[in-house]
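Please look over the sequence and the model shown here.

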Amino acid sequence: MRIFLDTSSLFKLYHRETQTAEIESLFSVVKITTLFLSEITKIEFASTVWKKVRTTDISEAEAQITLALFETDFAKYAFVVTDSIIIEQARILTS
């Protein structure tokens, strides 16, 4: 199965939060052949990590480790380049 994860869902795989178990269970039940992420996820993920540092949910050291793990995992993901056509189609789909 091919799936697309948004940054919020992806982050739960790197940091235990509410609904982490649900995301992890998806990976144990379904054989995922391709995991798609938006290129924007690289920015959003880093932003999420540093927000967790600012709100003292994680330490700066934990942030560095989390970001390094995510970057190490880049090869596991199929990054989708987001252009204006994709953004417009996504906007329509969410209506």
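Val49 touches Phe11, Ile58, Ala63, Thr66 and Leu67, leaving aside residues up to four places away in sequence; contact means heavy atoms within 4.5 Å. This is a predicted model, in which local features need pLDDT of at least 70 and side-chain atom pairs count only at pLDDT 80 or more, while totals for chains, interfaces and linings use all residues. Residues are numbered from 1 along each chain as its sequence is written, and side-chain values use heavy atoms, with hydrogens and water left out.

Val49 also belongs to the largest nonpolar core, which has 15 residues; Leu10, Phe45, Val49, Phe70 and Tyr77 have the most contacts inside it. Such a core is a set of buried Ala, Val, Leu, Ile, Met, Phe, Trp, Tyr and Cys residues joined through side-chain atoms within 4.5 Å. Buried means under 20% relative accessible area, exposed over 50%, and partly exposed in between (1.4 Å probe, protein chains only). Helix H1 (7-14), strand S2 (34-38), helix H3 (40-54) and helix H4 (60-72) each give two or more residues to this core. Helices (H or I, at least four residues) and strands (E, at least two) are DSSP runs, numbered from the N terminus.

Two residues have a backbone angle to note. Most residues other than glycine have a negative phi. Gln19, not a glycine, has a positive phi of about 75°. Gln19 is in the loop between H1 and helix H2 (20-29) and counts as partly exposed because its relative accessibility is 49%. Thr56, also not a glycine, has a positive phi of about 60°. Thr56 lies in the loop between H3 and H4 and is exposed, at 67% relative accessible area.
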